[in-house]
Amino acid sequence: MFHGSRPGSIEVISGVMFSGKSEELIRRVRRAIIARRKVDVFKSHLDARYAGLYHVTSHDGLELDAIPVDTAAEIVRQVHADSEMVAIDEAQFLDDDIVTVCTGLANRGVRVVLAGTDTDFRGEPFGPMGSLMAVAEQVTKLRAICVVCGDEACRNQRLLDGKPARYDSPTIMVGGRESYEARCRHCHRVPSADEDQRALL
Ligand code: ADP
Ligand code: ZN
């Protein structure tokens, strides 16, 4: 049985928007490049935050070239055979196959690092993030600052026309009519779900 440090693992960087996930992903990729590792960077197509579809961009303007993908299968098709590290941003938008794909890459010796928002605007698990966190060796959960009270923020507040979006609005909205704020659990508002939860108490 081999007990040395064989390469191949899964790291997840999770948290709300503005918590610094992209900054942390970019930091890890830059360090791997300094170490002369062969790195492939992917980013879910759905996020066109700064029209920079071919970049991973942090809210502070740090940038990295990235290959846009819609599905986990596209990552399999585009990853280089000699890749030593695969970084994936906005992983919450990918399909559940991403779990099998990352497991396969890690088993064949690739360091896989994924960043993604782990809860949607309702505060519920987002896409494959929960499963990815379960199979990962290392999970980093970051928090932002609540724009209402200044505590640490663990929720994405969706606003539609400046007002909290209702629970039954779609998880992914196309068209960008909505805006988001980082908020703590207590300042987070999801009309109708809040009422339902109060009825249970
Ligand atoms: P993420 O990828 O998690 O959305 P980014 O790495 O893109 O986060 O951006 C993080 C940066 O956003 C922080 O370093 C900070 O400068 C800025 N920022 C803006 N609003 C907030 C907030 N409410 N809480 C924390 N950081 C914020
Ligand atoms: Zn708050």
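This is a predicted model: local features need pLDDT of at least 70, side-chain atom pairs count only at pLDDT 80 or more; totals for chains, interfaces and linings use all residues.

Is Glu23 buried, partly exposed or exposed? Glu23 is partly exposed, because its relative accessible area is 33%; in these terms, buried means under 20% relative accessible area, exposed means over 50%, and partly exposed lies in between, with a 1.4 Å probe and protein chains only.

Residues are numbered from 1 along each chain as its sequence is written, chains are lettered from A and ligands numbered from 1 in the order in which they are written, and side-chain values use heavy atoms, with hydrogens and water left out.

Let me stay with Glu23 for a moment. Glu23 sits in helix H1; helices (H or I, at least four residues) and strands (E, at least two) are DSSP runs numbered from the N terminus. The C-alpha atom of Glu23 is 9.2 Å from that of Val56, and these two residues are 33 residues apart along the chain.

Glu23 also leads us to ligand 1. Which residues come nearest to ligand 1? Of the 16 residues around this ligand, they are Phe18, Lys21, Ser22, Glu23 and His59; a residue is near a molecule if one of its heavy atoms lies within 4 Å of it. Helix H1 (21-34) and strand E9 (144-145) each supply at least two residues of this shell, and H1 gives the most, with three residues. By class, the shell has seven nonpolar, five polar and four charged residues. Here Ala, Val, Leu, Ile, Met, Phe, Trp, Tyr, Cys and Pro count as nonpolar, Asp, Glu, Lys and Arg as charged, and the others, Gly among them, as polar.

Next come the polar atoms around ligand 1. A polar contact is a pair of N or O atoms within 3.5 Å; within protein, one must be able to donate a hydrogen and the other to accept it, and residues adjacent in sequence count only if both atoms are side-chain atoms. An N or O atom in the side chain of Lys21 is 2.7 Å from an oxygen atom of ligand 1. A polar backbone atom of Gly20 lies 3.0 Å from an oxygen atom of the ligand, and for a backbone N or O atom of Val16 the distance to a ligand oxygen is 3.4 Å. On its own, ligand 1 has 580 Å² of accessible area, and the protein covers 77% of it; such areas come from the Shrake-Rupley method with a 1.4 Å probe, and for residues only the protein chains shown count as cover.

I turn now to the metal. Which residues coordinate the zinc ion, ligand 2? The SG atoms of Cys146, Cys149, Cys184 and Cys187 do so, at 2.3 to 2.4 Å. Donors are N, O and S atoms within 2.8 Å of the metal (3.2 Å for Na, K and Ca), and water is not among the atoms, so sites may look incomplete. Why is the arrangement called tetrahedral? The four donor atoms subtend angles of 101 to 119° at the zinc ion, and four donors count as tetrahedral if all angles lie between 85 and 135 degrees.

Along the chain, the donors follow the spacing C-x2-C-x34-C-x2-C. Cys149, in the loop between E9 and strand E10 (152-153), and Cys187, in the loop between strand E13 (178-183) and helix H5 (193-200), are 38 residues apart and link distant parts of the chain. Cys149 is partly exposed because its relative accessibility is 39%, whereas Cys187, at 14%, is buried.

Gln157 counts as buried, because its relative accessibility is 0%. The side chain of Gln157 makes a polar contact of 3.5 Å with the side chain of Arg183, and a polar atom of the Gln157 side chain lies 2.7 Å from the backbone nitrogen of Arg189.

Finally, I come to backbone angles. Most residues other than glycine have a negative phi. Arg36, which is not a glycine, has a positive phi of about 60°, and Glu90 likewise has a positive phi, near 60°. Arg36 lies in the loop between H1 and strand E2 (39-44) and is exposed, at 74% relative accessibility. Glu90 lies in the loop between strand E6 (85-89) and helix H3 (97-107) and is buried, at 7%.

How values were computed:
Four donors count as tetrahedral if all angles lie between 85 and 135 degrees; four count as square planar and six as octahedral if opposite donors are over 155 degrees apart and all others between 65 and 115; anything else is irregular.
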